[in-house]
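Welcome! Take a look at the structure below, and then we will walk through it topic by topic.

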There are 2 protein chains.
Amino acid sequence: MQELVERIRKYGKNLGNGILKVDGFINHQVDPALMDACGREFARRFKDIGATKVLTAEISGIAPALTTALHLGLPVVYARKHKPITMPDQVLLTLSPSHTKGRMVELIVSPEYLAGGERIIIIDDFLASGATVLGLVRLAHTVGAQVVGIGALIEKTFEGGRLALTHLGVPIESLARIRSMEGDQIFFEDE
Amino acid sequence: MQELVERIRKYGKNLGNGILKVDGFINHQVDPALMDACGREFARRFKDIGATKVLTAEISGIAPALTTALHLGLPVVYARKHKPITMPDQVLLTLSPSHTKGRMVELIVSPEYLAGGERIIIIDDFLASGATVLGLVRLAHTVGAQVVGIGALIEKTFEGGRLALTHLGVPIESLARIRSMEGDQIFFEDE
């Protein structure tokens, strides 16, 4: 999506070690109009797959997942990383390695809001190694829900996440695809 | 706002100790259409106060803050509770007691995205004791930004948050005001 690519080109910052800083419009300060446009674009791409729910992981997935769900007319569930006291004792939990945290994090969903038979679109801010998405897929499969689509705002194609998700056989959509980052320069696929 | 009140009446659950569970449409599973309607309502109430930015705290504040910011045409910043590696070493940080966690949590904002002279609307999911809002106010005041409005989806009027914020002299808007909770019953103000 050209609008997102341009924003990354202008304001994204390569911090080294494969870390792209987009704190000015996605991860800390958020541009709601841009997120709305991204959600609209995901909704357009996923409109015909019969999804019943959008699933994401807190924290940075919430904004794009919310706008996608809004434009698809679906509820959205965000997996928690810490179990809140409002959640029942029995939960769905999996561990997932966090690249930016350098450790395993928990992904927790209440069985109240993820059920067998549901058709899930997973939306996240980044697709890097695919580990977070795979964690969410495990949670969905545990209850017999089906994952029918995967979307990420930004794909770092050099980290292999798409390959790690290919066996799922579902459409994988990303709105900006980064091929490499060198010094101050960010190179996108198709350029 | 009648739509939110009705939703709480139907699906909200009193867990005791002043804890209201609204995980089915705000805190874990989110109804994007309801959040959009709430954001539109906040935007209507705050349209004339000349705000330049919306500020909230992760995690549950993100959805209503995002939709409010969208309808006001403003950026939104969410204070982090853990410093991510993308944030500079020097940050704005304050401690705030968390009612639901039973301990102090950090509220962290990068000085890149909160500056002197800004006019801030604070939006959160709950207004209870007002502690989180006061933490966000401290962060804003530290850099010389001005808080010009405060909004919460749900106010628990029996916890005194409004009184704790009165000295700020700014409009405080809540969309559902709960007077008390007893057993299965939730009582709203104005009924």
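The copies meet through the same surface, because 100% of the interface residues of chain A are also interface residues in chain B. Contact here means heavy atoms within 4.5 Å. This is a predicted model, in which local features need pLDDT of at least 70, side-chain atom pairs count only at pLDDT 80 or more, and totals for chains, interfaces and linings use all residues. Residues are numbered from 1 along each chain as its sequence is written, chains are lettered from A and ligands numbered from 1 in the order in which they are written, and side-chain values use heavy atoms, leaving out hydrogens and water.

**How the two chains are related**

- Two copies of a chain are related by a rotation about an axis and a shift along it.

- B:Pro32 lies in helix H3 (residues 32-45) of chain B; helices (H or I, at least four residues) and strands (E, at least two) are DSSP runs, numbered from the N terminus.
- B:Pro32 is buried, with a relative accessible area of 3% (buried means under 20%, exposed over 50%, and partly exposed in between, using a 1.4 Å probe and protein chains only).
- Not counting residues up to four places away in sequence, B:Pro32 touches A:Leu66, A:Ala69, A:Leu70, A:Leu74, A:Pro75 and A:Val76.
- A:Ser110 sits in the loop between strand E7 (103-109) and strand E8 (119-127) of chain A, and is buried at 0% relative accessible area.
- The residues that A:Ser110 touches, not counting those up to four places away in sequence, are A:Met87, A:Pro88 and B:His28.

- In chain A, the axes of helix H3 (residues 32-45) and helix H4 (residues 62-72) come within 7 Å and cross at roughly 55 degrees.
- H3(A) and H4(A) are therefore oblique to each other (under 35 degrees counts as roughly parallel, over 145 as roughly antiparallel, 65 to 115 as roughly perpendicular, and the rest as oblique).
- Among the residues of H3(A) that meet H4(A) are A:Met35 and A:Phe42, and those on the H4(A) side include A:Ala63 and A:Leu72.
- In chain B, eight of the eleven residues of helix H4 (residues 62-72) are buried, so H4(B) is largely enclosed by the rest of the structure.
- The buried residues of H4(B) include B:Ile62, B:Leu66 and B:Ala69.

**A buried lysine**

- B:Lys156 is found in strand E9 (residues 146-156) of chain B and counts as buried, at 5% relative accessibility.
- Among the residues that B:Lys156 touches, not counting those up to four places away in sequence, are B:Gly18, B:His99 and B:Phe126.

**Backbone details to look for**

- Most residues other than glycine have a negative phi, and most peptide bonds are trans.
- A cis peptide bond joins A:Glu58 and A:Ile59, with omega about 10 degrees, and the bond from B:Glu58 to B:Ile59 is also cis, with omega near 10 degrees.
- A:Asn17 has a positive phi of about 55 degrees although it is not a glycine, and B:Asn17 has a positive phi of about 55 degrees too.
- A:Asn17 is exposed, with a relative accessible area of 75%.

Technical notes: Axes are lines fitted to C-alpha atoms, for helices over the stretch in contact, and angles run from 0 to 180 degrees between N-to-C directions.
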